[in-house]
Amino acid sequence: MKAARVLVAADKFKGSLTAVEVAERVTAGLRRVVPGLAVETLPVADGGDGTVAAAVAAGFERREARVTGPLGDPVTAAYALRGSTAVVEMAEASGLQHLPEGVFAPLSATTYGSGELLRAALEAGATTIVFGVGGSATTDGGAGMLAALGARFLDADGTPVGPGGGPLAELAEADLSGLDPRLKDIDLVLASDVDNPLTGPKGAPEVYGRQKGASEEDIAVLDAALTHYASILGPGTARLPGAGAAGGIGYGALVALGARFRPGIEVMLDVLGFAPALARATLVITGEGSLDEQTLHGKAPAGVAAAARAAGIDTVAVCGRLALSREALQQAGIRRAYALADLEPDPAVSMARAGRLLEQVAESIARDHLRG
């Protein structure tokens, strides 16, 4: 019989624990019950915030660059590099975390810094770039990113339009001839957990605009501006799956940079070396802060569980709160889920004590699944 070996492949608990910290706490709890237990940790991410950290934990080198933040101020952004493969996370340059508390700029926030971060990866010698998108403060269709890479977006007077999605309503010409020529020779993978189109009822402004501070009027302005923008870059292209990711930066990457769209967790599992780690495991523990309906649509735990089920290996999950039925969990390939809320029902207290509670949960997992 194969000796027990646990693979901890969980995402972050947003607002309380990073994916690395989740792995550390789960490992500590397991070994408190089964001393000397073989545990392999592989923090995972689905392309959103935390993607670079997961790559660094898997052995990539962390690199930093000074780029333009979503409000135009300089920020320090990280990307990950191993050999000729780079992992670039747009949220590092253009994410909500760069906005002061309570400050939003739905019409003018720019992805210019994301383009600068891609350029930094090119200059570091990357020929394959995994571009993780999510957590953006922006809804500019990737125009800022493309401008940083050499594109020009001009109004009727030949003047560059302003930053953000709102000014794209004045766009008269999109000149992509100046795009960095190195982009033609790389494999750019758009890694996202959403497949929304750019515009319309399921588009970037309508579905995600409110979380970026957009009013109903702003949403209408942005949807019209991005519809106009897409009509100039390419009729019919606004409906591409993934175009609406991260405020439409997916659109810019797909249409102007020739990116190929893949579900973020699939890409990251490949990049992080999940398959060989899975082959060594007898039990997989995955999870994230909230296991809910969104989890089932491309989030990290669902991807981990699906891969483990295909390999015939049981998966259990840890989470802060559980909002899925036992049937839904089983359909996703998760045998059982353990929630911190079962130990501490007060969300604020649970988040504050997440590390210790997670160790207690891991002790329960060890008793239930690892002791004969």
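Visitor: Which residues of α8 are buried?

Guide: This is a predicted model. A residue counts as buried when its relative accessible area is under 20%. In α8, that holds for Ala245, Ala246, Gly247, Gly248, Ile249, Gly250, Tyr251, Gly252, Ala253, Leu254 and Ala256. Eleven of the twelve residues of α8 are therefore buried, and the helix is mostly covered. Just after α8, Gly258 takes a positive phi of about 70 degrees.

Visitor: On what does helix α8 pack?

Guide: Let us begin with the general idea of a sheet. The strands of a sheet pair through backbone hydrogen bonds, and the pairing is either parallel or antiparallel. Here, six strands make up an open sheet of mixed pairing, in the order β3-β4-β5-β6-β9-β10. β3 (61-68) and β10 (260-263) each have a single partner strand, so these two stand at the edges and one side of each has no neighbour in the sheet. On average, neighbouring strands of this sheet are turned by 30 degrees against each other, direction ignored. Helix α8 (residues 245-256) packs on the sheet and touches β6, β9 and β10. The direction of α8 makes about 155 degrees with that of β9.

Visitor: Which helix lies across β4, β5, β6, β9 and β10?

Guide: That is helix α9 (residues 264-272), which runs at about 85 degrees to β10.

Visitor: In which sense do β6 and β9 pair?

Guide: Strand β6 (residues 128-132) pairs with strand β9 (residues 187-192) in the parallel sense, over five bridges.

Visitor: How many bridges join β1 to β2, and how many join β1 to β11?

Guide: Strand β1 (residues 5-8) and strand β2 (residues 38-41) are paired over four bridges, in the parallel sense. Within this pair, Val8 stands opposite Thr41 in β2. From β1 the chain crosses through helix α1 (residues 19-33) to β2, a β-α-β crossover that is right-handed. Strand β11 (residues 283-291) is joined to β1 by three bridges, and these strands run parallel. Leu7 stands opposite Val284 in β11.

Visitor: Which residues have the most contacts inside the largest nonpolar core?

Guide: The largest nonpolar core has 52 residues, and those with the most contacts inside it are Leu118, Ile129, Phe131, Met145, Phe153, Tyr229 and Leu257. α8 gives the most to this core, namely seven residues. Apart from this core lies another, of 30 residues, including Phe60, Leu272, Phe274 and Ala300. As for Tyr229, its contacts beyond four places in sequence include Phe153, Leu168, Leu171 and Tyr251.

Visitor: Is Glu359 buried or exposed?

Guide: Glu359 has a relative accessible area of 9%, so it is buried. This residue lies in helix α14 (residues 354-369). Leaving aside neighbours within four places in sequence, Glu359 is in contact with Arg25, Ala28, Gly29 and Arg32.

How values were computed: Residues are numbered from 1 along each chain as its sequence is written. This is a predicted model: local features need pLDDT of at least 70, side-chain atom pairs count only at pLDDT 80 or more; totals for chains, interfaces and linings use all residues. Side-chain values use heavy atoms; hydrogens and water are left out. Two strands pair if DSSP finds at least two bridges between them. Axes are lines fitted to C-alpha atoms, for helices over the stretch in contact, and angles run from 0 to 180 degrees between N-to-C directions. Contact means heavy atoms within 4.5 Å. A crossover is right-handed if, with the strands pointing away from the viewer, the path from the first strand over the helix to the second runs clockwise. A nonpolar core is a set of buried Ala, Val, Leu, Ile, Met, Phe, Trp, Tyr and Cys residues joined through side-chain atoms within 4.5 Å. Buried means under 20% relative accessible area, exposed over 50%, partly exposed in between (1.4 Å probe, protein chains only).
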